[in-house]
Amino acid sequence: MDKLLLGRYIPGDSWVHRLDPRTKLIASFYYIGIVFLANNWQTYLMMFVATLFMIWLSGIKIGFFLKGVRPLILFTVVLQVLFVRGGTVYWHWGWLWITEFGLINGAFIFVRFVLIIFMSTLLTLSTQPLSLADAVESLLKPLRVIRVPVTELALVLQIALRFVPTLMDQTTKIMNAQRARGVDFGEGNIFQQMKAVVPLLIPLFVSSFTTADELATAMEARGYQGGDDRTKYRILRYHRRDWVAAGGMLVLTGLLLLLRA
């Protein structure tokens, strides 16, 4: 549970940390989109270099990013290697194949997943959840014309991001308490392990509803009122570094199109 990075923020004063959250959010989605344009080792290498450069600019240790990759290594590689056919056949048993195209496709899919995970992790680790929610609200403002409750959606996102680490910490405490009582979560087959997780669900749900009720009471006691008339403590403004980041994304796209096979 301590490996979950969603909603966690690492304080810093790097160039990436100082970017406007709207810039980082748009750039992250844009980057995820252009990752699918890569189709050879030159383009993937360039994307990797660009990603590592952005991680270096953030000042965050690479170990945080590697934590999010491990759960996907086995799934992505095995799925592509065993089920994609073509080229030289290296191994065959029943409906399972290991072929040249399967290995190449598995490697490309794995690299693509790693790049996407790195970029999404960089977004969450370098951006405060409150700032991220403000960015979403700001970007969705045009939808107010068709009466979309943008403010309420941003509040829900803000609360969800804020309490994901809290719920994970509570889950870890419950698991430690269960282990102290003799429960082994890693013993037996997959069905026995799933059955061992059931005792976690009831106390976790009770804790979640208790936290939600306390939060609602605290907001009512402080007179919270949603709506467009609320003022903002954090004013979002674009700076020169944001335009530099946007220009860098355009240059990266141009190079990517140039190196495509």
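This is a predicted model: local features need pLDDT of at least 70, side-chain atom pairs count only at pLDDT 80 or more; totals for chains, interfaces and linings use all residues.

Me: Is Asp134 buried, partly exposed or exposed?
Reply: Asp134 is found in helix α6, which covers residues 129–139. Its relative accessibility is 8%. Buried means under 20% relative accessible area, so Asp134 counts as buried.

Me: Which residues does Asp134 touch, not counting residues up to four places away in sequence?
Reply: The helix that holds Asp134 is α6. With residues up to four places away in sequence left out, the contacts of Asp134 are Lys232, Arg234 and Leu236.

Me: Is Val197 buried, partly exposed or exposed?
Reply: Val197 is found in helix α8, residues 190–221. Buried means under 20% relative accessible area and exposed means over 50%, with partly exposed in between. Val197 has 35% relative accessibility, so this residue counts as partly exposed.

Me: What is the area of the nonpolar surface patch that includes Val197?
Reply: Besides Val197, the patch is made by Val198, Leu201, Phe205 and Phe209. The area of this nonpolar surface patch is about 490 Å².

Me: Which helix supplies the largest share of the lining of the second largest pocket?
Reply: The second largest pocket holds about 420 Å³ of space. Its lining has 23 residues, and the closest to its centre are Trp15, Met54, Ala245, Gly248 and Met249. Helices α1 (21–35), α2 (41–58), α5 (100–126) and α9 (240–259) each supply at least two lining residues. The largest share, seven residues, comes from α9.

Notes:
Residues are numbered from 1 along each chain as its sequence is written. Side-chain values use heavy atoms; hydrogens and water are left out. Patches are made of residues with over 30% relative accessible area and no salt bridge: like charges are joined within 9 Å, nonpolar side chains (Val, Leu, Ile, Met, Phe, Trp, Tyr) within 5 Å. Accessible areas come from the Shrake-Rupley method with a 1.4 Å probe; for residues, only the protein chains shown count as cover. A salt bridge is a side-chain nitrogen of Lys or Arg within 4 Å of a carboxyl oxygen of Asp or Glu. Helices (H or I, at least four residues) and strands (E, at least two) are DSSP runs, numbered from the N terminus. Buried means under 20% relative accessible area, exposed over 50%, partly exposed in between (1.4 Å probe, protein chains only). Contact means heavy atoms within 4.5 Å. On a 1 Å grid over the protein atoms alone, a cavity is a set of points where a 1.4 Å probe fits but cannot get out, and a pocket is an open set with protein on both sides within 12 Å along at least five of seven lines; lining residues have an atom within 4 Å of a point. Grid points are joined across faces, edges and corners, and a volume is the space filled by probe spheres set on the points.
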